[in-house]
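Grab a pencil and work through these exercises with the model open beside you. Try each task before you read its solution.

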Amino acid sequence: MTITTKGTPFPAALPLYLLLPMLAAIMAITPLTIDMYLPAMSVIADSFHTNVTQVQQSLSVYLAGYSMGMLTFGPLADRIGRRPLVLIGLAGFAITTLGLALSTSLTLFMLLRFVQAFLGSAATVVVPGYVKEIYGENTAKGMSYVSLIMMIAPLAAPTIGSIILGLGYWQLIFFLLCSYAALLFVLVAFKLRMPSDRDTSERSQKSFLRNYGVVFSTAGVKPYLGSGLLCAFAFFSYLTASPFVYMEVFQLSQHTFALLFGLNVGALALANLLNSRIVVKHGSRKMLALATVSATVFSAALLAVNMLGLDYHFTIVLLVPLMASLGIMSVNSDAIVLMKFKQETGTATAVIGTLRFGIGALAGPILAFFYTGTAIPFCLLMFLAITGVGICQLFTFPGTWRPTRN
């Protein structure tokens, strides 16, 4: 079987329609690991004779470990290649996840949670580089496909965790994650073969700091890094505030909240599907600009209807196209950044991921600071973040509207 990378056919152990789901499955490790154990937090707390607040800190520990791992393994991938890091990451993730299932204290659980995230990031940080290798100038199309498949993870993970928890043991959640990583390890070991795994000519010989220096000093990168950062802040503001807005402000049931959350995930998925179909024709820059205009309009309308105190149905209707626009903005801003690098793709991915999780960690405290008991702070922060993306795009003008492809 052959697929095409940058216009050149090469033999592959997997056809493209199986290769992309495998890469997406590797990327899905993070949302699965974050979301699947959420329904079990109170049970985990009881088993360690502590409170839920203490167990909730394991989420922050995971995000810290993941960010540090990306910063470490991104430049390393550029230097030694992607395949070794995928294998190390999946093996390390599987072993530490097994340790989490066998933990006998909260202290050990927290320590292993950090190591799990740190090692697991080695596998996920290289995936955008593989996608860029396959799709070349159409990287945004490939990233859209991967994101589309990945949408299944955050949608299904809490439900899977609840079903497993119904069997009686929270440890089964981590046994399942361990098995998931082990299966991916076997698939990668026998089926993932890419030219970059053998060709060392495009690998970076620079130091860690030098790689980061190249990423931040490359012309035209900062506006798109800023765009991705602000998109992530808008996303995390929604994720953080949506339970409160739907269930406390609008007094909707947990079941209704789950349906509405799934509706917005579906909007993200459809947006990525749409982007994958038309980005080749219009280019990432134009798609990003058009989606930013669309998101600005809908976020302004969302803020207006909540300031006017209109019925919650207006908020529900406006959030669907707003989240879809954010999906297109995010994938195209990331693709534009990746396309600017040949030897520093892993480092660029690490920068994107670290900035994204870092700003995501700030969404909760910022929303808490502006708490009013209404949906207005959440709507205002989303509007300001999206407006900030528009300002970032002004620094790329007139390149934003050039009909060139990326």
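A nonpolar core is a set of buried Ala, Val, Leu, Ile, Met, Phe, Trp, Tyr and Cys residues joined through side-chain atoms within 4.5 Å. Keep in mind that this is a predicted model.

**Exercise 1.** Find the largest nonpolar core and say which residues have the most contacts inside it.

*Solution.* Step one: the largest core has 103 residues, and Tyr246, Leu326, Met329 and Phe378 have the most contacts inside it. Step two: helix H15 (residues 312-339) gives this core its largest share, 14 residues. Step three: pick Met329 and skip its neighbours within four places in sequence; its contacts are then Cys231, Leu288, Ala291, Thr292, Ala295, Ile386 and Val389. Step four: look for a second, separate core, which has 24 residues, among them Leu106, Met110, Ala157 and Leu177.

**Exercise 2.** Check the span of helix H10 (residues 171-191), then work out where its buried residues sit.

*Solution.* Next, list the buried residues of H10: Ile173, Phe174, Leu177, Cys178, Ala181, Leu184 and Val188. They cover an arc of only 135° around the axis, so they lie on the same side of H10.

**Exercise 3.** Name the residues that line the largest cavity.

*Solution.* First, the count: there are 2 cavities of 30 Å³ or more. The largest cavity holds about 40 Å³ of space. Its lining is made of Leu225, Gly228, Leu229, Asp334, Ile352, Leu355 and Arg356. Finally, helix H12 (222-249) and helix H16 (345-369) are the elements that give two or more residues to this lining.

Key. Residues numbered from 1 in each chain as written. Predicted model: local features only at pLDDT ≥ 70, side-chain atom pairs only at ≥ 80, totals over all residues. Heavy atoms only, no water. Buried < 20%, exposed > 50% of the residue type's maximum accessible area, 1.4 Å probe, protein only. Helix = DSSP H or I, 4+ residues; strand = E, 2+ residues; numbered from the N terminus. Contact = heavy atoms within 4.5 Å. Expected span 1.5 Å × (residues − 1). Arc of directions from axis to C-beta. 1 Å grid on protein atoms, 1.4 Å probe; cavity = no way out; pocket = protein on both sides within 12 Å on 5 of 7 lines; lining within 4 Å. Points joined across faces, edges and corners; volume = space filled by probe spheres on them.
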